[in-house]
Amino acid sequence: MAGSGGTPHADATQRGLTSHCYRMLGSVTEAVEIAAVANSYDEATRACLQRSGRRPLPSDLAGPSADPEGVLSESQEILWLEPIPTHLMDDRPIDLGLIAALQRLTPAKRAATVLHLEGRAPSGDVRPAPLTPAPALVPDSVLLARYRAAFEQYDVPAIVTLFTDDAIWEMPPFTSWFRGARDIGRLISTHCPAERPGDQYLVPLQANGHPAFAVYMRDPKDNIHRAFQIQVLTLTATAIVHAVAFFDLSLFQTFHLPDLLTGLPPNPYDGTLRPHVERISHPRG
């Protein structure tokens with residue numbers, strides 16, 4: 001298994017440019033690409049406007065599915081919203097819900113809103129911020145520990161108890177999404193490839209200022225846990241109200257995560273001690 005260690009952090013200027021482009025585009029991949037060559041916010045904004053389309057979440061496209069046990073609709077053609085890892089974020093608002101809302105605006109309105117949020121003049125110069133970012137919420141470590149344990153034990157009834165009655169679960173590139181703890185449980189019971197405790201392993205992360213997990217799924221052919229999805233959670237004080245499971249495996253590289261967890265035993269839950277993985281840093285390429 002990859003050793004633990006610190007995640008490389010971009011400098012403040014690079015984080016600012018990357019975050020600015022991410023607010024405009026909803027794509028961390030494109031944001032990193034533009035920020036790497038832009039010399040100013042003005043230049044970065046123009047580059048974003050040239051590319052600016054609309055990157056939705058499934059819940060932006062249609063109503064919730066009424067059949068969590070049915071066939072899931074999928075679209076690989078849509079350019080989906082992406083999460084951004086903490087090491088690329090600045091200290092301005094970047095909540096996943098905010099980024100999704102920005103994507104509903106026209107490119108010009110989106111640019112004006114982003115500049116307002118960041119306190120930047122149209123020229124790209126910095127002026128006093130029009131708002132003070134809300135202090136980061138400290139996630140309930142007990143709730144997150146229960147969530148991680150429920151998934152790793154593949155205990156669907158326990159998973160269901162952690163969501164609110166009107167919670168949302170979505171998972172691009174699947175266009176189907178679901179509302180309500182009961183339907184989320186039915187979805188996981190039917191479509192999750194896990195079959196028993198130890199099939200899934202969750203590594204804690206942060207994305208968009210939210211708690212998140214990288215999920216690795218055991219391949220029964222060789223007992224190796226492979227990259228499966230990245231989940232980004234929105235919490236209240238006592239429960240989960242929104243979960244987005246991103247199936248784009250290229251995001252594992254963005255988060256400096258390995259494709260495989262090769263040091264786990266065939267089933268981590270065969271023993272008496274629960275295994276623990278620290279934050280993984282494994283940049284590639």
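**Helix α1 and its partners**

Author: Let's start with helix α1 (residues 12–25) and helix α3 (residues 41–51): their axes come within 10 Å and cross at roughly 30°. That angle is under 35 degrees, so α1 counts as roughly parallel to α3. As for handedness, α1 passes α3 in a right-handed crossing. Bear in mind that this is a predicted model.

Who touches whom here? From α1 you get T13, G16, L17, H20, C21, M24 and L25, and across from them in α3 sit Y41, A44, T45, C48, L49 and R51. Sorted by class, that α1–α3 contact has 8 nonpolar, 4 polar and 1 charged residues.

Now for another partner of α1. Helix α5 (residues 107–118) packs with α1 at an angle of about 145°, the axes being 9 Å apart. The α1–α5 crossing is right-handed. On the α1 side, S19, H20, R23 and M24 do the touching, and they meet R110, A111, V114, L115 and E118 of α5. By class, the contact of α1 with α5 comes to 4 nonpolar, 2 polar and 3 charged residues. Notice that H20 and M24 of α1 turn up in the contact with α3 and in the contact with α5.

On to the strands, and to H210, which has its place in strand β4 (residues 210–219). Its relative accessibility is 7%, under the 20% cut-off, so H210 counts as buried. Setting aside neighbours within four places in sequence, H210 is in contact with D95, L96, L205, V232, L233 and T234. Two of those contacts involve backbone atoms: a polar atom of the H210 side chain lies 3.4 Å from the backbone nitrogen of L96, and the H210 side chain reaches the backbone oxygen of L233 at 3.1 Å. There's also P83, 127 residues from H210 in sequence but 9.9 Å from it in space, C-alpha to C-alpha.

Q229 has 5% relative accessibility, so it counts as buried. The side chain of Q229 makes a polar contact of 2.7 Å with the side chain of Q231. Beyond its neighbours within four places in sequence, Q229 is in contact with F213, A214, V215, A245, F246, F247, L249 and F252.

Notes: Residues are numbered from 1 along each chain as its sequence is written. This is a predicted model: local features need pLDDT of at least 70, side-chain atom pairs count only at pLDDT 80 or more; totals for chains, interfaces and linings use all residues. Side-chain values use heavy atoms; hydrogens and water are left out. Axes are lines fitted to C-alpha atoms, for helices over the stretch in contact, and angles run from 0 to 180 degrees between N-to-C directions. Helices (H or I, at least four residues) and strands (E, at least two) are DSSP runs, numbered from the N terminus. Angles under 35 degrees count as roughly parallel, over 145 as roughly antiparallel, 65 to 115 as roughly perpendicular and the rest as oblique. A crossing is left-handed if the near helix is turned anticlockwise from the far one by less than a right angle, and right-handed if clockwise. Contact means heavy atoms within 4.5 Å. Ala, Val, Leu, Ile, Met, Phe, Trp, Tyr, Cys and Pro count as nonpolar, Asp, Glu, Lys and Arg as charged, and the others, Gly among them, as polar. Buried means under 20% relative accessible area, exposed over 50%, partly exposed in between (1.4 Å probe, protein chains only). A polar contact is a pair of N or O atoms within 3.5 Å; within protein, one must be able to donate a hydrogen and the other to accept it, and residues adjacent in sequence count only if both atoms are side-chain atoms.
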